[in-house]
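This account leads the reader from the chain as a whole to selected parts of the model. Please keep the sequence and the structure in view throughout.

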Amino acid sequence: MNKRKPRRVDAAPRPASGPTLSSPHQRTPGPPWLYGVHAVLAALANPRRRSHRLLLTSEARLSVASKLSALGGPAPEIVDRQTLDRILPAGVVHQGIALAADPLPETDLAGLLRTTGERAAVIVLDQVTDPHNVGAVLRSAAAFGASAVVLPERHAPAATGVLAKAASGALELVPLIHVVNLARAMEALKRGGFWCIGFEENAKERLDRTDFSGRVALVLGAEGTGLRRLTRDGCDLMVRLPTRPELASLNVSNAAAVALYEYARGRD
């Protein structure tokens, strides 16, 4: 494969098509920006992503040059750090790299049910609104082999650059499925052979004594508020983590990691 020759961008150009270099908070044409080394490299490696522009600082180009040479996508453009600071949300840790790319094609619940095996796990998130938490859940889902993360269209984050950065590449590996109604989605999962296991700190049953055979949906709510009543009522079983009474609850992303570890341990 021919190596792409980077070009330096001294000023902020405004191309006839594709993303502009103005603030993503403004109403400008073009796809959104991803940033951070792991998120960008994973997006470039994903054939389902359509990428448009790749911006790097000189320092970042040196650190990822060998990996970029093996990936497709747009030719890298060398910019200064101030340019990236200007086009990305304030305060983000972009690591000197940003990629303008179209959102991933949506995966629906029906497609998930058709393609998952007889032993599978999905994560269901009820009103978890922090994109950092959802990104961390995606990362654990990818690490432990979950098939998808399901969350409602409302009161849940979209697949933004913040979420992709927190997911550290996992957004390209695990489908993020937004559904109109979470209770109905859980009913569909149960009709598809999934056993819905909800998490609540006061539940009688313990996670480490749970049967993870077959298809399971691990249903978690936001820290503090927990699961809504309809979501809880839709669960086949409620369990708790075997935590100490002094600190009975965990952040939702940590709880998801523990639950997925138990699932993976029972799978092997």
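A contact, as the word is used here, means heavy atoms within 4.5 Å. The structure is a predicted model, in which local features need pLDDT of at least 70 and side-chain atom pairs count only at pLDDT 80 or more, while totals for chains, interfaces and linings use all residues. Residues are numbered from 1 along each chain as its sequence is written, and side-chain values use heavy atoms, with hydrogens and water left out.

The chain contains nine helices and 12 strands; these are DSSP runs numbered from the N terminus, helices being H or I of at least four residues and strands E of at least two. Of its 268 residues, 46% are buried, where buried means under 20% relative accessible area, exposed over 50% and partly exposed in between (1.4 Å probe, protein chains only). Among contacts between residues at least 6 apart in sequence, 77% join residues at least 24 apart.

Helix α1, residues 37-45, has Val37, Ala39, Val40, Leu41, Ala43 and Leu44 buried. An α-helix has 3.6 residues a turn, so residues three or four places apart point the same way. The elements that cover the buried residues of α1 include β2 (33-35), β3 (51-56), α2 (58-68), β5 and α6.

Strand β11 (residues 215-221) includes Arg215. A polar atom of the Arg215 side chain does lie 2.7 Å from the backbone oxygen of Thr116. Leaving aside residues up to four places away in sequence, Arg215 touches Leu113, Thr116, Gly117, Glu118, Ala120, Gly192, Gly193, Phe194 and Trp195.

Two loop residues remain to be described. Gln95, in the loop between α3 (81-87) and β5 (97-101), has a positive phi of about 60° although it is not a glycine. Gln95 counts as partly exposed because its relative accessibility is 38%. His155, in the loop between β7 (148-152) and α6 (161-167), is likewise a residue other than glycine with a positive phi, near 60°. With a relative accessible area of 45%, His155 is therefore partly exposed.

Methods: Polar contact = N/O pair within 3.5 Å; in protein donor to acceptor, adjacent residues only side chain to side chain.
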